[in-house]
Every structure is written in C-alpha cells, then in structure tokens.
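Subject: A structure for you to look at

Hello,

Here is the structure I promised to pass on to you. Have a look at it first, and then read my notes below with the model open beside you.

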Amino acid sequence: LSLKTRLEMSETVMENNKGRGVIIEHVGAPCYNDAVELVKHADKVGVDAISSLAPNFYFSFTDDEIVDYYRKIASYTDKPLIVYVTAHIKSNVVALVNRLMEIPTVIGLKYTLPDYFLMRKLCEVNGGDINIINGPDEMLICGLIMGAQGCIGSTYNVMPDWFVAEYNAAMAGDWETARQWQYKINRVIDVLLRYSENGAIKGVKAAMTCKGFDMGNAVYPSKVYSAEELASLKKELSDLGIAFDN
C-alpha cells in the first residue's frame with residue numbers, strides 16, 4: 001500500500017473508533033523513511049500503541065541492525081512499541097528479544113512462528129514482564145496455553161465471535177471447549193487459504209465483501225474474484241456456519 005493510503009487508513013480508523021477500543025497501528029514499511037512518517041503520524045492521531053516488522057520482511061538483518069531500527073522507531077514517540085518475531089530472524093531469538101526489551105518503550109512482541117517451545121522461552125524474558133501476542137490464527141490455542149496474553153490475525157475479521165469464544169473458554173480454563181472452537185475455526189481457515197492460493201489476505205477480503213463490507217480487491221497484481229467465485233466462497237463458508245446478512 002502507498003504511504004498516502006496508509007495515512008488515510010490510520011485517520012479513518014481513529015475517526016470511526018471514537019475511543020471505543022485500544023488501537024495498535026503497524027508502521028513497518030519496506031522503506032525506512034515511510035516507517036518514520038507512519039510512526040510520527042500515528043503519534044499525532046493518538047493511537048494507543050505501535051508495532052512494526054523490521055524495514056523489509058524479505059531481508060534478514062543482523063541483530064545489531066534490528067535493535068538499531070527499533071531504537072530509532074521508538075525515538076519518534078513515547079507510545080508502547082510491539083516488535084515482531086518472524087522466521088527471518090536467523091540468530092538466537094531469546095538473546096535478541098532480551099536486547100529489544102531494554103528499549104524503554106518496548107512492551108512485547110507479536111509471535112508469528114509455529115514453535116511454541118520457543119514462545120514459552122520468550123514468555124519468561126524480562127522476568128516474565130513481557131506481552132506476547134500470538135500470530136498464527138490456526139494455532140491460537142497453542143499460544144494461549146503456552147502463555148500468550150492476546151492474539152492478532154487476519155481471519156479474525158471473518159469470525160470475530162468465534163475467536164472471542166475460544167479466547168474466553170481458554171481464559172476460563174475450559175480447554176476442551178477452546179479446542180473445539182479452534183477446530184471449527186481451522187475448517188474456515190482452510191477454505192480461505194484455498195481461495196487465496198498464497199496466504200489468506202485475498203480470501204479474507206473476498207469473504208468480508210460477501211458479508212457486506214466493501215473491501216475492494218487485494219493490491220495488484222492479486223487476482224480479482226469473479227461473481228461466481230464469490231458465490232462459491234460464500235456458500236462454502238455458510239456451510240461451515242459463517243453468518244451472512246445477504
């Protein structure tokens with residue numbers, strides 16, 4: 001997305017939220033200068049916290065480079081900062097996160113890996129005073145049982161009530177109910193992935209369009225769904241219990 005579009009998105013979210021919920025804005029961008037503009041703007045419009053991938057998701061930076069990046073991002077705002085742990089970190093992740101937690105405004109991380117042995121190690125960084133947000137939608141229950149405090153995911157938009165039900169069951173210690181919700185959720189994720197072909201974003205946007213939200217299409221050159229494909233997706237999701245108003 002262009003910088004202009006992302007700035008407009010931030011303003012639109014803040015205008016429509018009207019203080020009803022906590023807003024975390026992701027400011028990461030392939031271009032560092034864009035990330036700086038985004039974090040300055042996020043601070044100006046009054047978001048509650050910021051998060052960021054390293055400048056380029058497809059390039060592996062050294063630990064020193066990653067730490068320096070987050071220090072500079074943090075220097076433009078006093079908002080809480082959430083870092084990312086992804087497969088592109090090739091070093092000792094625990095050691096890196098220990099260094100990142102020394103940045104005064106860093107409060108935790110979004111964890112996007114399927115290794116929950118590692119996640120538990122990270123939950124114990126900084127004497128346990130760290131916020132861990134689970135990333136993989138299809139493994140929310142794994143993150144919660146290993147100590148994640150929260151979760152962020154793209155497919156949550158399609159079935160937010162299901163994820164809330166799973167989270168509430170887990171927090172109540174009813175792991176069997178939480179597990180059944182995860183199984184139900186994963187059947188939907190499987191459909192979204194099949195329609196997206198590579199990641200879930202295209203399928204999620206198409207599903208939201210079917211639910212009555214004008215989401216447009218994913219950024220070019222992503223495919224544009226035909227009316228027949230949207231109808232087929234809607235039917236498959238409806239058969240799995242996803243509600244549609246139209």
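How many of the five residues of β3 are buried? Five of the five are, so β3 is largely enclosed by the rest of the structure. Before you go further, please keep in mind that this is a predicted model.

**The sheet**

You can see the cover on β3 from both faces: L81, V83 and V85 are buried on one side, and I82 and Y84 are buried on the other.

β3 belongs to an open sheet of six strands, paired in parallel in the order β1-β2-β3-β4-β5-β6. The edge strands, each pairing on one side only, are β1 (24–26) and β6 (150–151). As background, strands of a sheet pair through backbone hydrogen bonds, and the pairing can be parallel or antiparallel.

- β2 (residues 49–51) runs parallel to β3 and is joined to it by two bridges. I50 has L81 in β3 as its bridge partner.
- Between β3 and β4 there are five bridges, again in the parallel sense. Here L81 is partnered with V106 in β4.
- β5 (residues 131–134) and β6 run parallel and share two bridges. Look for N134, which stands opposite C151 in β6.

**A residue in an edge strand**

Now find E25, which sits in strand β1. Is E25 buried or exposed? It counts as buried, because its relative accessibility is 10% and the cut-off for buried is under 20%. Leaving aside neighbours within four places in sequence, E25 is in contact with S10, L38, A42, V47, A49, I50 and S51. For a sense of scale, pick E197 as well: E25 and E197 are 172 residues apart in sequence, and their C-alpha atoms are 27 Å apart in space.

**Two nonpolar cores**

The largest nonpolar core has 41 residues, and Y70, V97, L109, Y111, L122 and I132 are those with the most contacts inside it. Two or more residues of this core come from each of α2 (32–45), α3 (63–74), β3 (81–85), α4 (93–100), β4 (106–111) and α5 (116–123). Which element gives the most? That is α3, with six residues.

Apart from neighbours within four places in sequence, V97 is in contact with V85, L109, L122, V125 and I130. There is also a second, separate core of 28 residues, and among its members are Y156, M159, I185 and A207.

**On the surface**

Finally, turn to the outside. L1, M9, V219 and Y220 make a nonpolar surface patch of about 510 Å². L1 lies in the segment before α1 (3–17). L1 counts as exposed because its relative accessible area is 66%, and the cut-off for exposed is over 50%.

Enjoy looking around, and do write back with any questions.

Best wishes

Key: Residues numbered from 1 in each chain as written. Predicted model: local features only at pLDDT ≥ 70, side-chain atom pairs only at ≥ 80, totals over all residues. Heavy atoms only, no water. Core = buried A, V, L, I, M, F, W, Y, C linked by side-chain atoms within 4.5 Å. Buried < 20%, exposed > 50% of the residue type's maximum accessible area, 1.4 Å probe, protein only. Helix = DSSP H or I, 4+ residues; strand = E, 2+ residues; numbered from the N terminus. Contact = heavy atoms within 4.5 Å. Patch = residues over 30% accessible without salt bridge, like charges linked within 9 Å, V, L, I, M, F, W, Y side chains within 5 Å. Areas by Shrake-Rupley, 256 points an atom, 1.4 Å probe, with all protein chains shown as cover. Salt bridge = Lys/Arg side-chain N within 4 Å of Asp/Glu carboxyl O. Pairing = 2+ DSSP bridges.
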